[in-house]
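Please look over the protein shown here. Some questions and answers follow.

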Amino acid sequence: MHQFINGKLQPGTSGQSLDVINPATSEVVESVGLASLTDLESAVAAARSAFPAWSRTAPGERAGILQKFARIMEERTEEFCRIESSQTGKPLRLTREFDVPGTIDNIGFFAGAARHLEGKATAEYSPHHTSSIRREPIGVVGSIAPWNYPLQMAAWKILPAIAAGNTIILKPAEITPLTALMFAQALSDAGLPDGVVNVVVGDGATVGAALMRHPNVDMVSFTGSTAIGRTVLEAAAVNAKRVHLELGGKAPFVVFDDANLDAAVHGAVAGSLINTGQDCTAATRAIVHRSVYEEFVVKLAARFEGIVLGAPGDTDVDLGPLVSFKQRDHVAGMVERARSYSKIVAGGYAPIDGRLEKGAFYRPTVVVDAAPDSEIVRDEVFGPVLVVLPFDTDDEAIQLANHTVYGLAASAWTNNLQRALRATRDIKAGCVWVNDHVPIISEMPHGGFKQSGFGKDMSAYSFEEYTQVKHVMFELDDVTEKNWHRTIFDLR
Ligand code: NAD
């Protein structure tokens, strides 16, 4: 039963199944019957028929359901942590301290936001009319999520959409669908009407692509790679859907010569290795002033060598495996190709000791001496790999930071106020941290510049993405022959 359609868990009818694998142990967590295009049609129909009533629900009622949902999530925290960790290989520590509490905080934010949906003005902008602004839901939303944070991605997609009065069909990544299904079930247990949230677990190229181009879907919201994001844009053109894209990243981590170097080294370890580097905002390119470059590399490599890999349940584990062997092969392939044009000063291999050999583990890797246009510097690795590049002038640092098609996140490490201000102004990214890298909060937007996409997740900005603005104009004078008519025909 791995489809959640119209308030009920039901089997997929494609006749195909996929094993959800724990990548730390290679054990099968669950076998999932995948959705057919008929299942997708049922989900779109359920969302369409639920929309009129849900969109007219009073904001306080929507907020009440979300508040109850947050309490249910709190009660089920351990179950969510266990399943999230087993389908992704993440250490339980990360799910307990980041994924699940972050999700519950997001629910609380959107429960409040649901009651603050408002237009900007009611006033007479013409002496003969009163204008007002209504902010309305868009309709049926089709969303697609990746596998790196399955629970949080489900939350980021579903919560603003339904808080604003839309209904939704979410297609999670097929290799990690379990917590999105649990999320939908818990919403239903909190009293969400049937059909408002539907989760369809299917293959990206068929079910995902069909959802993106479906004529009865009014908006698409996609988080994933830039390559697939481009196809989503094309699919959405069919009926001119609203599009929201959260795509790839290649975040720079700029360390100026006045920075607290030890803080920068700590920040680089945490900022690049979070979620085993499978984080679109993770630090991937440390751009370090030449005067502190050697010291930074030595300290960083020592820290990387000390990182403990292991199975999710072990309490002393720092890092889990990659999400799959396919992803590990992708990471290892990029590092192997980089050997010919750069130097690996930490990691660069898959560990083979008995405890780890069944998992998709890869040692945290530091790469130096790579040219700014080389593959390892330019393209997304999406794994535990940090490249370090030197710079001489502030202008060069900013130029290197921006030397990518992506623009999702970045950080600048400095104690100089003017440098910090210039870096935050000049780095083209949707988020720039100063003296930190990675923290996110429900009140602030997450989203990209350039080919990292457009549209924001979390915060009031994401709420706006899922609504449309309507101008309503009332005529005040009650006259038959309005003065402006004379611009069209002569009033005699
Ligand atoms: P992906 O693009 O391969 O897949 C993402 C989702 O798209 C999956 O659910 C997949 O089934 C679906 N999909 C695949 N082909 C499709 C198609 N033709 N039409 C419609 N849907 C299709 O990405 P991934 O490998 O799952 O995730 C990693 C990528 O996601 C990285 O590029 C990463 O940077 C990005 N990401 C971005 C953010 C962000 O907020 N910007 C967050 C997380 C991940």
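**Questions on a predicted model**

Q: Is Ser 26 buried, partly exposed or exposed?
A: The model is predicted. Buried means under 20% relative accessible area, and exposed means over 50%. Ser 26 has a relative accessible area of 34%, which lies in between, so Ser 26 is partly exposed.

Q: What is the relative accessible area of Asn 6?
A: Asn 6 is found in the loop between strand 1 (3-5) and strand 2 (8-10). Its phi is near 55°, a positive value in a residue other than glycine. Asn 6 is partly exposed, and its relative accessible area is 35%.

Q: Which residue in strand 22 is the bridge partner of Ile 133?
A: Strand 6 (residues 129-137) and strand 22 pair in the antiparallel sense, over nine bridges. In strand 22, the bridge partner of Ile 133 is His 471.

Q: How does the radius of gyration of the protein chain compare with the globule rule, and what is its value?
A: The protein chain has 15 helices and 22 strands. For 492 residues the globule rule gives 23 Å. The chain's value is close to that, so the chain is as compact as a globular protein of that length. The radius of gyration is 25 Å.

Q: What percentage of the residues in the protein chain is buried?
A: The cut-off for buried is under 20% relative accessible area. The protein chain has 492 residues, and the buried share is 56%.

Q: Where is confidence lowest in the protein chain?
A: The mean pLDDT of the chain is 97, and 100% of its residues reach 70 or more. Confidence is highest in strand 8 (residues 167-171), at 99. Confidence is lowest, at a mean of 93, in helix 15 (residues 459-465).

Notes
Residues are numbered from 1 along each chain as its sequence is written. This is a predicted model: local features need pLDDT of at least 70, side-chain atom pairs count only at pLDDT 80 or more; totals for chains, interfaces and linings use all residues. Side-chain values use heavy atoms; hydrogens and water are left out. pLDDT is the predictor's confidence in each residue, from 0 to 100. Helices (H or I, at least four residues) and strands (E, at least two) are DSSP runs, numbered from the N terminus. Two strands pair if DSSP finds at least two bridges between them. The radius of gyration is taken over C-alpha atoms; the globule rule is 2.2 Å times the number of residues to the power 0.38. Buried means under 20% relative accessible area, exposed over 50%, partly exposed in between (1.4 Å probe, protein chains only).
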